[in-house]
Amino acid sequence: MLHKLYDWIDERLDITPIWRDIADHEVPEHVNPAHHFSAFVYCFGGLTFFVTVIQVLSGMFLTMYYVPDIVNAWESVKYLQTQVAHGQIVRGMHHWGASVVIVMIFLHTLRVFFQGAYKKPRELNWIVGVLLFFVMLGLGFTGYLLPWDNKAFFATQVGLEIAESVPYIGGDLKTLLAGDPEIVGAKTLARFFAIHVFFLPAALFALMGAHFIMIRRQGISGPL
Amino acid sequence: MTDKKNQVSRRQFLNYTLTGVGGFMGAAMIAPMVGFAVDPLLKGEKETDFVYVMDVDEITNEPQRKTFSTDQVDGWYESQAEHTAWIFRTEEDEILALSPVCTHLGCVVDWNSNEEYPDQFYCPCHDGRYNKLGENLPNTPPTEPLHAYEYRIEDGKLLLGKAKSRKGA
Ligand code: FES
């Protein structure tokens with residue numbers, strides 16, 4: 001049945017080569033943990049991607065209940081966590097996944113760094129990777145505010161003051177982030193939400209695309 | 001290794017195991033999210049509150065428009081929901097409290113508001129009409145009678161609950 005459907009589409013659109021390009025490629029022996037167990041260090045990039053997928057999915061579902069408004073944000077989070085089926089699990093995935101993704105990205109960076117895999121010709125991919133790391137930190141920072149509880153509020157306060165300490169442009173930077181020169185409030189929450197669910201994910205997907213295209217073009221760096 | 005044709009090859013075995021384990025993990029990940037999304041379907045019906053609307057001895061044979069409000073819990077948002085009822089005594093001395101929501105497409109009907117159709121409930125949206133008992137008149141758009149509120153009488157007071165369809169009743 002599925003085979004027939006696949007053949008039907010393939011006959012018209014010739015999708016097999018596309019599929020081959022994406023999924024059918026050789027895994028060199030030195031990155032295969034079945035050959036050398038120590039090769040598990042090559043898994044961290046893939047794990048980062050895996051957790052990112054979980055983050056995207058659980059985040060999409062959370063927005064079905066969450067509202068970015070200072071009156072209702074906390075109540076809506078409380079509602080989705082305590083009243084909605086599996087709410088605690090879905091929010092838990094997003095909450096813990098946010099930390100796990102940073103850990104994985106960090107381990108991935110360490111591997112690339114200590115193996116010297118960032119060296120020529122892969123410098124560009126290193127740069128994109130660093131940008132991805134910053135985007136992830138941005139996602140963590142903006143997402144932290146959204147439940148609008150005390151911890152979130154004061155963490156954001158601190159983050160904004162760190163931004164303010166940047167020489168020359170600090171004041172403007174903080175106003176731009178918070179949406180107001182003095183208040184951390186309604187405008188801040190709306191803006192952090194927009195950044196968290198639209199702007200940073202868009203940047204994330206573009207950079208991930210670039211990261212993956214480059215690795216497919218250049219291949220995995222050789223054994224040490 | 002045997003040379004039997006229908007033996008599962010190493011490649012096939014690995015394929016099946018990996019697809020199986022991967023599928024299981026994927027399902028474990030997606031299942032809570034799907035439950036989360038379909039939660040509104042899992043919530044059962046809420047209990048009906050009966051609310052005081054008017055005294056029984058004030059009810060006349062002419063429909064009177066009465067409004068009342070009920071507590072409404074909408075997820076994390078609590079408010080008062082406003083309702084309207086047309087209340088009167090029928091010829092058979094029964095109390096009838098009609099919902100003004102047109103059974104065609106949900107506009108609001110009015111009693112005796114159109115001079116051409118006296119003593120009828122009239123819906124301005126598509127000329128829907130109902131007689132005094134709220135029964136839809138033939139050849140007008142509505143497909144069933146106006147819904148009637150469930151009611152209770154306690155100490156000479158009329159309490160209204162939910163408006164229910166009277167189709168087939
Ligand atoms: S909504 Fe009342 S007649 Fe169409």
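1. Helix α3(A) passes helix α5(A) in a left-handed crossing, a crossing being left-handed if the near helix is turned anticlockwise from the far one by less than a right angle, and right-handed if clockwise. In this predicted model, α3 spans residues 44-62 of chain A and α5 residues 87-114 of chain A; their axes come within 8 Å and cross at roughly 155 degrees. α3(A) is therefore roughly antiparallel to α5(A), a term for angles over 145 degrees. Axes are lines fitted to C-alpha atoms, for helices over the stretch in contact, and angles run from 0 to 180 degrees between N-to-C directions. Helices (H or I, at least four residues) and strands (E, at least two) are DSSP runs, numbered from the N terminus.

2. The residues of α3(A) in this contact include A:Phe44, A:Leu47, A:Val51 and A:Phe61, and those of α5(A) include A:Val90, A:His94, A:Met104 and A:His108. Contact means heavy atoms within 4.5 Å.

3. How many disulfides are found over all chains? The search of the whole structure finds 1, and this disulfide joins B:Cys107 to B:Cys125, with an S to S distance of 1.9 Å. A disulfide is a pair of cysteine sulfur atoms within 2.5 Å. The torsion about the S-S bond is about -90 degrees, so the disulfide is left-handed. B:Cys107 lies in the loop between β4 (95-98) and β5 (110-111) of chain B, and B:Cys125 in the loop between β6 (121-123) and β7 (128-130), so the pair ties together parts that are 18 residues apart in sequence.

4. B:Cys107 is partly exposed at a relative accessible area of 22%, and B:Cys125 is partly exposed at 37%. In contrast, B:Cys102 is buried at 6% and B:Cys123 is buried at 2%. Buried means under 20% relative accessible area, exposed over 50%, and partly exposed in between (1.4 Å probe, protein chains only).

5. An unreviewed UniProt entry lists residues 87-160 of chain B as "domain: Rieske"; this span is 0% helix and 35% strand, and its end C-alpha atoms lie 10 Å apart. UniProt, again in an unreviewed entry, lists residues 13-38 of chain B as "transmembrane region"; there the chain is 96% helix and 0% strand, with end C-alpha atoms 36 Å apart. Such annotations may be inferred rather than shown by experiment.

6. Residues are numbered from 1 along each chain as its sequence is written, and chains are lettered from A in the order in which they are written. Local features need pLDDT of at least 70, side-chain atom pairs count only at pLDDT 80 or more, totals for chains, interfaces and linings use all residues, and side-chain values use heavy atoms, with hydrogens and water left out.

How values were computed
Parallel < 35°, antiparallel > 145°, perpendicular 65-115°, else oblique.
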